[in-house]
Amino acid sequence: MWNELNGKRAEGIIGLAKRAGALAVGTEQVVESVRKGKAQLVLVASDVSDNTAKRLQDKASYRNVPLELLPIDMNELGHLVGKDHAAAVALLQEGFVRSYRKAISPAGSPAAASNTLSNPERNGYTDGRNE
């Protein structure tokens, strides 16, 4: 759920990923990162053409990469990553995907309340260290 407050947080995560070199920007770079198995999450601007949306969806679906439609347009997405416009971006590191998901989750949701890997008692997950 993207609203004004968590949208700003999510935008910050995207900008941070860009500065860290963990972001593919633009349709061609995103498609290439998906093809090479580097993309962890594809984010698509709200006003991309139907052909671009289908191309990105098909590629991401084939490679089992999650894809989300953003509530911002290509100009806004481009501004976040230092370009005039960008149709799509791909987060290339799982840590940024987790941070992005946490940023957009509603404050009262379980995802925002706890990190499931760091709280094994709450979710039943155990890796053997907590027994």
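Contact here means heavy atoms within 4.5 Å. By class, this contact of α2 with α3 has five nonpolar, two polar and three charged residues. Ala, Val, Leu, Ile, Met, Phe, Trp, Tyr, Cys and Pro count as nonpolar, Asp, Glu, Lys and Arg as charged, and the others, Gly among them, as polar.

A word on the source. This is a predicted model, with residues numbered from 1 along each chain as its sequence is written. Local features need pLDDT of at least 70, side-chain atom pairs count only at pLDDT 80 or more, totals for chains, interfaces and linings use all residues, and side-chain values use heavy atoms, leaving out hydrogens and water.

Now the geometry. Helix α2 (residues 27–35) and helix α3 (residues 50–62) pack at about 15°, their axes 9 Å apart. Helices are DSSP runs of H or I, at least four residues, numbered from the N terminus. Axes are lines fitted to C-alpha atoms over the stretch in contact, and angles run from 0 to 180 degrees between N-to-C directions.

What about the other pair? Helix α1 (residues 4–19) and helix α5 (residues 94–104) pack at an angle of about 165°, with axes 8 Å apart. That makes α1 roughly antiparallel to α5, a term for angles over 145 degrees. The residues in contact include Asn6, Arg9 and Ala10 of α1 and Phe96, Ser99 and Tyr100 of α5. By class, that contact has nine nonpolar, two polar and one charged residues.

Notes
Helices (H or I, at least four residues) and strands (E, at least two) are DSSP runs, numbered from the N terminus. Angles under 35 degrees count as roughly parallel, over 145 as roughly antiparallel, 65 to 115 as roughly perpendicular and the rest as oblique.
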